[in-house]
Amino acid sequence: MQTNLLNLDAGGLARFFADLGEKPFRAKQLLRWVHHLGECDFSQMIDLARPLREKLAEVAVINLPVIKAEQFSGDGTRKWLFNVGSDNSIETVFIPEGNRGTLCISSQVGCALECSFCSTGRQGFNRNLTPAEIIGQLWWANRALGRDPKGDRVISNVVMMGMGEPLANFEAVVSAMNIMLDDNAYGLSRRRITLSTSGLVPAIDRLRECLPVSLAVSLHAPNDALRNILVPINRKYPLSQLIAACIRYLDAAPRDFITFEYVMLAGVNDSESHARDLVKLLNLLPCKLNLIPFNSFPMSGYVCSSSEVIKRFASIVQESGVVVTTRRTRGDDIDAACGQLAGEVKDRSKRMEKSTIRVHAI
Ligand code: SAH
Ligand code: SF4
C-alpha cells in the first residue's frame, strides 16, 4: 500500500526515508515542498534526485481531504466543508480579526462527549480524523488565503476548537501540531496554537509532557453538579482534578495563564451566584475567562443569556481581578460560530431526534 506522506511529521518522514535507504534531511525537503510551498506533485520536487522522485511516485501519495463546499460570511469569516469519506464531512473556519487570522480546525468526525449545548456532541461520534485530515485543513485554508502584502501568512493562529475533542484523538492531533510548529512547514509558535479541551485530565498531563501548546479549557459551570450535566466528562474528571491538572500544565505552558471558556446559557449557568462561585475557582490559578454567547442550533433546548446578564456576569468576575473577554459571535450567517459546526456525521452512535434536553439551574 502507498504511504500517505501527509500523515507524517518530521520524525515519521525521517523513518520513512530511512526505510527507503535515504538520508534524514529528505524529511525537511519533503515538508518544505508540501507544506511551505504547497507542492504535492513529486515530479516537481526538483531538489530530489530523479530516481527518488520516481520511487516516491511508486510507494507514496499525498492525499488531501476533498473540499465539498466553501462559504463566505458578510463579516469576512470563511468556512470549508471537507468530504472525509463514507458521506461524512467536517468543517473548518477562518476568522479574520485585525492583524490576526485564526483558523479553527476539527479533530474528529462528531464527538463522543455529549456536551448538551453542543451541536457536534448531539450528533454523536463517527471516527477520529487522521493527521492528514487534520493538517490538510490548514493546507487548504493556507492555499486559499496565502500571504498578506507584507509577505506574512494570513493564517497567524490555529485553534483546535472545531468539531471533536482533540485530546480524545491524541496521537493524530500531536502529529498534526508538530507539522504546524515545524519551521520547514508552517512555523507557528506554541503560543499561536491553542488546544481547547472539555477536560480529559490524563491527556492534559500527556500534552504537558510532549507538546505544551496554549491551553483553553471548557468550564461552563462553577460546580460539579451542574458541570456533570453540561459537560458529562466531568463525572469522570471532576472540577478539583481538572483545576489541579491546569495548575500542573502552567509549568510547561507557553503562556502564563490558562484560558477558561464559559458558554452563557440563559437561566442555566448565568446567575450572579454562579459568577461568584466561579470566582472562587478562578482565583485558584492564573487564568483568563472567555465568555461565549450560546450559539443556537435546531432543537438545542437552550437560549443565550441576554447581553445585560452577560455584562453583569463579566463584571462580577472582573472585579475579582480575573481578565474577562466576551467572544464576539462571528460567521453565524453561515453557521460557522462556536458550537454550530455540524458537518455531516453518518452512522453515528446517537441521533439529534433523541436528545432535546432541557436543563435547569443548579
Ligand atoms: N471539544 C473541545 C473543542 C471543540 S468545542 C471543547 O469542548 O473544548 C469549542 C468550544 O465551543 C468549547 O468551549 C465548547 O464548549 C464551545 N461550544 C460548544 N457548543 C457551543 C454552542 N452551541 N455555543 C457556544 N459555544 C459552544
Ligand atoms: Fe465534544 Fe467539545 Fe462539543 Fe463537548 S463541546 S461535545 S467535547 S466538541
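Student: What should I know about the model before we start?
Tutor: It is predicted, so local features need pLDDT of at least 70, side-chain atom pairs count only at pLDDT 80 or more, and totals for chains, interfaces and linings use all residues. Residues are numbered from 1 along each chain as its sequence is written, chains are lettered from A and ligands numbered from 1 in the order in which they are written, and side-chain values use heavy atoms, without hydrogens and water.

Student: How many aromatic pairs does a search of the whole structure find?
Tutor: The search finds five. Rings of Phe, Tyr and Trp (its six-membered ring) pair if their centres lie within 6.5 Å; planes under 30 degrees apart are stacked, over 60 edge-to-face, and the rest tilted. One of the pairs is Trp139 with Trp140, edge-to-face at 5.1 Å centre to centre and 90 degrees between the planes.

Student: Is Trp139 buried or exposed?
Tutor: Trp139 is buried, at 5% relative accessibility, whereas Trp140 is partly exposed at 22%. Buried means under 20% relative accessible area, exposed over 50%, and partly exposed in between (1.4 Å probe, protein chains only).

Student: What about Tyr262 and Phe313?
Tutor: Their pair is tilted, with 5.1 Å between centres and 35 degrees between planes. Tyr262 is buried at 0%, and Phe313 is buried at 1%.

Student: Which residues form one aromatic cluster?
Tutor: Phe294, Phe297 and Tyr302 do.

Student: New topic: which residue lies over the face of Phe170?
Tutor: Arg206 does, at 4.0 Å from the ring centre. A charge sits over a ring if NZ of Lys or CZ of Arg is within 6 Å of the ring centre and within 35 degrees of the ring normal.
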